[in-house]
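Here are my notes for you, written as numbered points. Keep the model open beside you and look up each residue as you read.

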Amino acid sequence: MINDYPNCTYHGCDIVDTTNKILKVDQFTYNYGNVLVGLPYEDNTFDFVQMRFFILALRKEEWPLAIKEIIRVVKPGGMIQLMEPDLELPRDSSSAYHRLIKSFHSVAHSRGQDFLIASQLEGFFLETNMVKIVEHDKRGCNMSSNTVTAKKFVWDLVESAKSAMPFARSTLGLSSKEDILNYINELRYCLSNTDCYIHADYILAQKL
């Protein structure tokens, strides 16, 4: 985005610093902040705000508060963009991918999270009476299509499965390191060689 709009200034904000330390960008400033306790910006600060991939960060009841906070820091007429994965259960209940997503749903439910929250975000926006929805779209990618994007999604899901094992192994019925290794290999093959889709919801809203 900086390459496309070099005359703009950019601000990143998170509870941990995940910025790329190699890239040196003069227009970029980073701040620590938590969207649930208040972002470190005045009202009506930004022309554009993007928030994405908070599906594992927020409990279901916290989403309306987070959305109101990002609306607060956007100027009237400014734009807000949200993008979240929509982790529907795959149709083939016998597949390794289905088992993974079912396990993710189970773990998320135990933490008060909702892996289908993406389909509800437009409603949270409209309930504020402070924005209008400009665009709402849902896109999907078949991870067995062998495209560059598909290969990246396969890698993402395999790595996500590995990192989630301390929480998900019991719901997946995996008891040993060998079980985990075999399952990861099965998952990688499933994603790369059968029709496995990953979806995401995208919402663009304008502050009134």
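1. Let's start with Lys207, which is buried (under 20% relative accessible area, 1.4 Å probe, protein chains only) yet has no salt bridge, meaning a side-chain nitrogen of Lys or Arg within 4 Å of a carboxyl oxygen of Asp or Glu. The nearest side chain of opposite charge is Asp43, 7.1 Å away; Lys and Arg count as positive here and Asp and Glu as negative, while His and the chain ends are not counted.

2. What does the side chain of Lys207 make a polar contact with? It is the side chain of Asn44, at 2.8 Å. A polar contact is a pair of N or O atoms within 3.5 Å; within protein, one must be able to donate a hydrogen and the other to accept it, and residues adjacent in sequence count only if both atoms are side-chain atoms. Leaving aside neighbours within four places in sequence, Lys207 is in contact (heavy atoms within 4.5 Å) with several residues, including Asn44, Ile71, Val74 and Met130.

3. A word on where this comes from: this is a predicted model, with residues numbered from 1 along each chain as its sequence is written. Local features need pLDDT of at least 70, side-chain atom pairs count only at pLDDT 80 or more, totals for chains, interfaces and linings use all residues, and side-chain values use heavy atoms, with hydrogens and water left out.

4. Now the sheet. Lys207 sits in strand E6; helices (H or I, at least four residues) and strands (E, at least two) are DSSP runs, numbered from the N terminus. E6 belongs to an open sheet of 4 strands in the order E3-E4-E6-E5, with mixed pairing; two strands pair if DSSP finds at least two bridges between them. Strands E3 (46-52) and E5 (131-142) stand at the edges with a single partner strand each, so one side of each has no neighbour in the sheet. From one strand to the next, the twist averages 15°.

5. Look at the pair E4 (residues 74-86) and E6 (residues 197-207): they run in the antiparallel sense over 8 bridges. Opposite Asp86 you'll find His199 in E6.

6. Helix H1 (residues 63-72) packs on the sheet, touching E3, E4, E5 and E6, and its direction makes about 145° with that of E4. Axes are lines fitted to C-alpha atoms, for helices over the stretch in contact, and angles run from 0 to 180 degrees between N-to-C directions. Among the buried residues of H1 are Trp63, Ile67 and Ile70, and the buried residues pack against E3, E4, H3, E5 and E6. Helix H4 (residues 148-172) lies across E5 and E6, at about 90° to E5.

7. Check two loops as well. Most residues other than glycine have a negative phi. Phe53, in the loop between E3 and H1, has a positive phi near 60°. Asn129, in the loop between helix H3 (121-127) and E5, has a positive phi near 55°. Asn129 is exposed (over 50%), with a relative accessible area of 65%.

8. Last, two serines. The side chain of Ser192 reaches the backbone oxygen of Arg188 at 3.0 Å. Ser176, in the loop between H4 and H5 (177-193), is partly exposed at 27%, and its side chain reaches the backbone nitrogen of Asp179 at 3.1 Å.
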